[in-house]
Amino acid sequence: MTNLGKWYDPISERWVAPREPRHGTISSEASENHVRERERTVEVQRIWRALVDCCARD
(Lines give C-alpha, C1' and ligand atoms only; values in the text may rest on other atoms or scores of the structure.)
Protein backbone atom coordinates (compact mmCIF):
# COMPACT_ATOMS: atom_id res chain seq x y z
CA MET A 1 0.00 0.00 0.00
CA THR A 2 1.35 3.39 -1.00
CA ASN A 3 1.28 6.26 1.45
CA LEU A 4 0.64 9.44 -0.49
CA GLY A 5 1.14 11.77 2.45
CA LYS A 6 -0.53 15.16 2.50
CA TRP A 7 -2.16 16.60 -0.61
CA TYR A 8 -3.49 20.03 -1.41
CA ASP A 9 -7.24 20.51 -1.95
CA PRO A 10 -7.69 23.57 -4.20
CA ILE A 11 -11.43 23.80 -3.45
CA SER A 12 -11.04 24.17 0.32
CA GLU A 13 -7.58 25.73 -0.14
CA ARG A 14 -5.97 23.59 2.54
CA TRP A 15 -3.66 20.62 2.95
CA VAL A 16 -5.33 17.29 3.67
CA ALA A 17 -3.67 14.38 5.45
CA PRO A 18 -4.93 10.84 4.78
CA ARG A 19 -6.66 8.97 7.57
CA GLU A 20 -4.67 6.42 9.48
CA PRO A 21 -5.67 2.86 8.51
CA ARG A 22 -7.45 0.86 11.18
CA HIS A 23 -5.95 -2.55 11.84
CA GLY A 24 -8.21 -5.18 13.38
CA THR A 25 -10.35 -2.77 15.37
CA ILE A 26 -13.64 -4.44 14.47
CA SER A 27 -15.36 -5.63 17.61
CA SER A 28 -16.90 -9.07 17.80
CA GLU A 29 -20.35 -7.44 18.14
CA ALA A 30 -19.84 -5.45 14.93
CA SER A 31 -18.65 -8.60 13.21
CA GLU A 32 -21.74 -10.50 14.37
CA ASN A 33 -23.99 -7.68 13.16
CA HIS A 34 -22.27 -7.78 9.77
CA VAL A 35 -22.85 -11.54 9.52
CA ARG A 36 -26.52 -11.18 10.50
CA GLU A 37 -27.02 -8.35 7.98
CA ARG A 38 -25.38 -10.42 5.23
CA GLU A 39 -27.60 -13.42 6.03
CA ARG A 40 -30.67 -11.16 5.96
CA THR A 41 -29.62 -9.74 2.57
CA VAL A 42 -29.15 -13.23 1.13
CA GLU A 43 -32.58 -14.28 2.45
CA VAL A 44 -34.27 -11.20 0.96
CA GLN A 45 -32.63 -11.88 -2.40
CA ARG A 46 -33.78 -15.52 -2.28
CA ILE A 47 -37.37 -14.49 -1.53
CA TRP A 48 -37.30 -11.83 -4.26
CA ARG A 49 -36.07 -14.34 -6.87
CA ALA A 50 -38.76 -16.84 -5.82
CA LEU A 51 -41.43 -14.13 -6.14
CA VAL A 52 -40.18 -13.08 -9.56
CA ASP A 53 -40.05 -16.69 -10.74
CA CYS A 54 -43.57 -17.30 -9.44
CA CYS A 55 -44.95 -14.22 -11.21
CA ALA A 56 -43.11 -15.06 -14.44
CA ARG A 57 -44.95 -18.40 -14.72
CA ASP A 58 -48.38 -16.78 -15.06
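Q: What is the N to O distance in the salt bridge between the side chains of Glu37 and Arg40?
A: The structure is a predicted model, in which local features need pLDDT of at least 70 and side-chain atom pairs count only at pLDDT 80 or more, while totals for chains, interfaces and linings use all residues. Residues are numbered from 1 along each chain as its sequence is written, and side-chain values use heavy atoms, with hydrogens and water left out. A salt bridge requires a side-chain nitrogen of Lys or Arg within 4 Å of a carboxyl oxygen of Asp or Glu. The side chains of Glu37 and Arg40 meet in one, with an N to O distance of 3.1 Å.

Q: How many residues apart are Glu37 and Arg40 in helix H1?
A: Helices are DSSP runs of H or I with at least four residues, strands are runs of E with at least two, and both are numbered from the N terminus. Glu37 and Arg40 both belong to helix H1, where about one helical turn separates them. Their spacing along the helix is 3 residues.

Q: Are Glu37 and Arg40 buried, partly exposed or exposed?
A: Buried means under 20% relative accessible area and exposed means over 50%, with partly exposed in between, for a 1.4 Å probe and protein chains only. Glu37 has a relative accessible area of 42%, and Arg40 reaches 48%. Because these values lie between the two limits, both residues count as partly exposed.

Q: What is the N to O distance in the salt bridge between Glu43 and Arg46?
A: These two residues of helix H1 are 3 residues apart, so about one helical turn separates them. Glu43 is partly exposed at 35% relative accessible area, and Arg46 is partly exposed at 45%. Their side chains meet at an N to O distance of 2.7 Å.

Q: How many salt bridges does a search of the whole structure find?
A: The pairs described above are Glu37 with Arg40, Glu32 with Arg36, and Glu43 with Arg46. For the whole structure, the search gives a total of 3.

Q: Which side chain of opposite charge is nearest to Asp9?
A: Asp9 is found in strand S1, residues 7-9, and is buried yet has no salt bridge. For charge, Lys and Arg count as positive and Asp and Glu as negative, while His and the chain ends are not counted. At 5.4 Å from Asp9, the nearest side chain of opposite charge is that of Arg14.

Q: Which residues does Trp15 touch, not counting residues up to four places away in sequence?
A: Trp15 is placed in strand S2 and counts as exposed at 57% relative accessibility. A contact means heavy atoms within 4.5 Å. With that sequence limit, Trp15 touches Lys6, Trp7 and Tyr8.

Q: Which residue has a positive phi although it is not a glycine?
A: The residue is found in the loop between S1 and strand S2, which spans 14-16. The phi is about 55°, and the residue is Glu13.

Q: How many disulfides does a search of the whole structure find?
A: A disulfide is a pair of cysteine sulfur atoms within 2.5 Å. The search of the whole structure gives 0 disulfides. Cys54 is in none, as the nearest cysteine sulfur, that of Cys55, is 5.4 Å away. The number of disulfides is therefore 0.

Q: Which residues form a nonpolar patch on the surface?
A: Patches consist of residues with over 30% relative accessible area and no salt bridge, where like charges are joined within 9 Å and nonpolar side chains (Val, Leu, Ile, Met, Phe, Trp, Tyr) within 5 Å. Accessible areas come from the Shrake-Rupley method with a 1.4 Å probe, and for residues only the protein chains shown count as cover. One member, in helix H1, is partly exposed at 45% relative accessibility. With about 320 Å² of accessible area together, the patch is formed by Trp48, Leu51 and Val52.

Q: In what order do the elements of the protein run from the N terminus on?
A: The secondary structure comes to 1 helix and 2 strands. From the N terminus on, the order is β-β-α.
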